Amino acid sequence: MEKLMGFVGATLGSMVGWWLGMFVGIGTAVVLSVVGTGVGIWAGRWALERWLE
């Protein structure tokens, strides 16, 4: 379950980062997508710990 929540968080975080970065340019979108992936993995695992266990 932990890997699934990390995957879901990474996907959503990457999407949000890309969406925010595309207003500036492609390079910014790529960087924010990577940052969003990391934040999403952390948030997914955090949510799993807080709410489901």
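Student: Which residues does S33 touch, not counting residues up to four places away in sequence?

Tutor: This is a predicted model, so what follows describes computed coordinates. S33 lies in helix 2, and its neighbours within four places in sequence are set aside here. The residues that S33 then touches are S14, G17 and W18.

Student: Is S33 buried or exposed?

Tutor: A residue counts as buried when its relative accessible area is under 20%, and as exposed when that area is over 50%. The relative accessible area of S33 is 12%, so S33 is buried.

Student: Which residues of helix 2 are buried, and what do they pack against?

Tutor: An α-helix has 3.6 residues a turn, so residues three or four places apart point the same way. The buried residues of helix 2 are A29, S33, G36, G40, G44, A47 and L48. What these buried residues of helix 2 pack against is helix 1, residues 2-21.

Student: Are helix 1 and helix 2 roughly parallel or roughly antiparallel?

Tutor: Two packed helices are described by the angle between their axes and the distance between the axes. For helix 1 and helix 2, the angle is about 150 degrees and the axes are 6 Å apart. Angles over 145 degrees count as roughly antiparallel, and therefore helix 1 is, relative to helix 2, roughly antiparallel.

Student: How many nonpolar, polar and charged residues does the contact of helix 1 with helix 2 have?

Tutor: The contact is sorted by residue class, and Gly is counted among the polar residues in this scheme. By that sorting, the contact of helix 1 with helix 2 has 11 nonpolar, 12 polar and 2 charged residues.

Student: What length does helix 2 reach from its first C-alpha to its last?

Tutor: Helix 2 covers residues 26-52, which is 27 residues. At 1.5 Å a residue, a span of 39 Å would be expected. The span of helix 2 in the model is close to that value, at 37 Å.

Student: How far apart in space are K3 and G40, C-alpha to C-alpha?

Tutor: K3 has its place in helix 1, and with a relative accessible area of 73% K3 is exposed, whereas G40 is one of the buried residues of helix 2. In sequence, K3 and G40 are separated by 37 residues. In space, C-alpha to C-alpha, the distance between K3 and G40 is 12 Å.

Note on methods. Residues are numbered from 1 along each chain as its sequence is written. This is a predicted model: local features need pLDDT of at least 70, side-chain atom pairs count only at pLDDT 80 or more; totals for chains, interfaces and linings use all residues. Side-chain values use heavy atoms; hydrogens and water are left out. Helices (H or I, at least four residues) and strands (E, at least two) are DSSP runs, numbered from the N terminus. The expected span of a helix is 1.5 Å times one less than its number of residues. Buried means under 20% relative accessible area, exposed over 50%, partly exposed in between (1.4 Å probe, protein chains only). Contact means heavy atoms within 4.5 Å. Axes are lines fitted to C-alpha atoms, for helices over the stretch in contact, and angles run from 0 to 180 degrees between N-to-C directions. Angles under 35 degrees count as roughly parallel, over 145 as roughly antiparallel, 65 to 115 as roughly perpendicular and the rest as oblique.
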